[in-house]
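Here is a quick tour for someone meeting this structure for the first time.

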Amino acid sequence: MNKTDDLIKQTLSAEDRDLLARHGEPGYFSQAFGLFRGSLGWVVWVAYLCGIVAFAGFGVSLWRSWHATEALAAVQWGVLAIVLFQFTMIMKSFLGSHMEANRMLRELKRVELQLALLRQDQTGI
């Protein structure tokens with residue numbers, strides 16, 4: 001993949017290289033905070049808040065399970081803790097897959113930009 005990127009950079013003009021550099025991949029934190037914006041930002045907010053509530057419930061359930069005096073109560077609280085922890089992980093994986101989808105869309109837009117630049121060079125506009 002590096003050879004292909006190097007070949008693309010060699011064939012582009014300085015202006016085109018500058019344009020592609022400005023549309024490069026942002027850092028991790030800008031990608032993560034970028035999830036909360038856009039048309040699906042509200043969905044991400046809801047998933048994030050549900051994950052936080054589930055994690056807090058996991059902590060409480062684990063504490064109650066640890067300090068239960070009867071075996072049945074300890075098992076019940078323990079099962080609830082496991083379920084809430086799994087829900088927390090599902091929300092986390094949803095946010096991660098959403099961020100990966102955004103990365104893929106960004107790369108597709110870069111490819112479209114490169115194709116448009118190549119077409120522009122071929123037509124001489």
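A nonpolar core, as used here, is a set of buried Ala, Val, Leu, Ile, Met, Phe, Trp, Tyr and Cys residues joined through side-chain atoms within 4.5 Å. Buried means under 20% relative accessible area, exposed means over 50%, and partly exposed is in between (1.4 Å probe, protein chains only). This is a predicted model, so local features need pLDDT of at least 70 and side-chain atom pairs count only at pLDDT 80 or more, while totals for chains, interfaces and linings use all residues. Residues are numbered from 1 along each chain as its sequence is written, and side-chain values use heavy atoms, with hydrogens and water left out.

The largest nonpolar core is made of A32, L35, V44, A47, M91, L95 and M99, 7 residues in total. Two elements, α4 and α5, each give two or more residues to this core, and α5 supplies the largest share, 3 residues. Helices here are DSSP runs (H or I, at least four residues), numbered from the N terminus. Take L95: setting aside neighbours within four places in sequence, it is in contact (heavy atoms within 4.5 Å) with L35, V44, A47 and Y48.

Next up is helix α4, which covers residues 41–66. Its 26 residues reach 37 Å from first C-alpha to last, close to the 38 Å expected at 1.5 Å a residue; that expected span is 1.5 Å times one less than the number of residues. The buried residues of α4 pack against α5 (71–123). One of them is S61, buried with a relative accessible area of 2%. Leaving out residues up to four places away in sequence, S61 touches W77, L80, A81 and L84.

Now for the rings. Rings of Phe, Tyr and Trp (its six-membered ring) pair if their centres lie within 6.5 Å; planes under 30 degrees apart count as stacked, over 60 as edge-to-face and the rest as tilted. The whole structure has 4 aromatic pairs, including these:

| Pair | Centre distance | Plane angle | Type |
|---|---|---|---|
| F36 and Y48 | 5.5 Å | 85 degrees | edge-to-face |
| F55 and F58 | 5.7 Å | 40 degrees | tilted |

F36 sits in the loop between α3 (28–34) and α4, and Y48 in helix α4, 12 residues apart. Ring pairs also join F36, W45 and Y48 into a cluster.

How many salt bridges does a search of the whole structure find? There is 1, a salt bridge being a side-chain nitrogen of Lys or Arg within 4 Å of a carboxyl oxygen of Asp or Glu. R103 forms a salt bridge with E100, with the closest N and O atoms 3.4 Å apart.
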